[in-house]
Amino acid sequence: MRVILLGAPGAGKGTQAEAVCKALNIPAISTGNILKAAMKEGTPLGLSAKSFIESGQLVPDDVIIGIVKARIREDDCKNGFLFDGFPRTIAQAEALDQMGVTIDRVINIRASDDLIIRRIGGRRSCPACGAVFHIEHKKPKSDNLCDNCGEKLVIRSDDEPQTVQKRLQVYRSQTKPLERFYAEKGLLFEVDGEKDSSLVTKDILGVLGQ
Ligand code: AP5
């Protein structure tokens with residue numbers, strides 16, 4: 001099974017990627033998480049991505065395509081994978097085609113801008129393991145500490161209101177055209193991302209025939 005999760009920043013891609021991948025026993029490939037881990041480690045990739053991410057811009061296509069090419073060659077991807085946050089431009093989708101990767105389903109998680117802003121406003125993330133929480137909808141068991149590794153949760157550096165507006169603008173101009181790209185291939189399926197998280201997971205698994 002090879003799946004793409006599309007959707008605006010904060011629509012719930014990361015949350016659903018975790019639940020769906022657990023159910024299907026396939027890895028999630030999140031370009032956002034790969035870049036943030038590189039930033040944390042201070043690698044050349046992280047240093048070059050930092051200014052793009054913190055200003056709400058996309059990281060250049062050639063960098064992202066290089067990351068994905070290498071990642072899908074790894075052993076755990078043999079039985080499939082789920083892309084969270086890739087592709088994000090038509091050029092990235094075309095590069096994926098050129099890699100000879102056949103996609104089974106593209107799932108577009110829909111949510112309104114108002115809801116997205118509330119979700120991102122309440123998001124708390126673990127800087128160590130990348131786990132995602134919400135101050136109302138997914139509270140950590142201990143106040144502001146990660147359930148998985150106990151690290152103190154933080155507000156992402158690109159979750160400041162001004163940067164979120166920029167990310168939404170970039171999403172509309174550069175990523176939304178992918179809906180048409182995949183609809184024309186007969187691969188696009190829509191799910192209502194405004195429902196309770198477990199119901200969204202159920203809908204996605206339904207689209208995937210599970
Ligand atoms: P990335 O990390 O991919 O960010 P994003 O796409 O903007 O998405 P988010 O992580 O903000 O949101 P999400 O949809 O995963 O929502 P989540 O599940 O956390 O990318 C960051 C940056 O890296 C980009 O801006 C760009 O610079 C760069 N980048 C990455 N990939 C790239 C690429 N391919 N090309 C170029 N640049 C790239 O949910 C949000 C909150 O809501 C959480 O608190 C969660 O708990 C809560 N929540 C989720 N679902 C529900 C629900 N159903 N009900 C209630 N609460 C919910």
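In strand β3, the residue standing opposite Ser30 is Asp84. Strands here, like helices, are DSSP runs numbered from the N terminus (at least two residues of type E for a strand, at least four of type H or I for a helix). The model is a predicted one, in which local features need pLDDT of at least 70 and side-chain atom pairs count only at pLDDT 80 or more, while totals for chains, interfaces and linings use all residues. Residues are numbered from 1 along each chain as its sequence is written, and side-chain values use heavy atoms, with hydrogens and water left out.

The link between Ser30 and Asp84 belongs to the pairing of β2 with β3 (residues 81–84), which is parallel and built on three bridges. Two strands are said to pair if DSSP finds at least two bridges between them. In general, such strands are joined through backbone hydrogen bonds, either parallel or antiparallel. Ile29 also takes part, with Phe83 of β3 as its bridge partner.

Stepping back, the whole sheet comes into view. It is open and made of five strands in the order β2-β3-β1-β4-β7, with parallel pairing. The edges are held by β2 (28–30) and β7 (188–192); each has a single partner strand, so one side of each is left without a neighbour in the sheet. From one strand to the next, the twist averages 25°. Helix α9 (residues 197–207) packs on this sheet, where it touches β1 (2–7), β4 (105–110) and β7, and its direction makes about 160° with that of β7. Contact means heavy atoms within 4.5 Å, and angles run from 0 to 180 degrees between N-to-C directions, with axes being lines fitted to C-alpha atoms (for helices, over the stretch in contact).

Strand β1 is mostly covered, as five of its six residues are buried. The word buried stands for under 20% relative accessible area, exposed for over 50%, and partly exposed for values in between (1.4 Å probe, protein chains only). On one side, β1 runs parallel to β3 and is joined to it by four bridges. Arg2 has Phe81 of β3 as its bridge partner, and Ile4 stands opposite Phe83 in β3.

Aromatic residues come next. Rings of Phe, Tyr and Trp (its six-membered ring) pair if their centres lie within 6.5 Å, and planes under 30 degrees apart count as stacked, over 60 as edge-to-face and the rest as tilted. Three aromatic pairs are found by this rule. Phe181 and Tyr182 form an edge-to-face pair, at 5.0 Å centre to centre and with 85° between the planes. Both Phe181 and Tyr182 are buried. Phe81, Phe83 and Phe86 are linked by ring pairs into a cluster.

Ala93, in helix α5 (residues 90–98), counts as buried because its relative accessibility is 0%. Leaving aside residues up to four places away in sequence, Ala93 touches Pro87, Leu178, Phe181 and Tyr182. Ala93 and Tyr182 are 89 residues apart in sequence, yet their C-alpha atoms are 9.2 Å apart in space.

Arg123 lies in strand β5 (residues 123–125) and is buried, with a relative accessible area of 12%. Beyond four places in sequence, Arg123 touches residues including Phe133, His134, Asp159 and Arg167. Over the face of Phe133 lies Lys138, at 5.5 Å from the ring centre; a charge sits over a ring if NZ of Lys or CZ of Arg is within 6 Å of the ring centre and within 35 degrees of the ring normal.

Finally, helix α2 (residues 31–41) and helix α3 (residues 44–54) have axes that come within 8 Å and cross at roughly 115°. Leu35, Ala38 and Met39 in α2 meet α3 residues, among them Leu45, Ala49 and Ile53.
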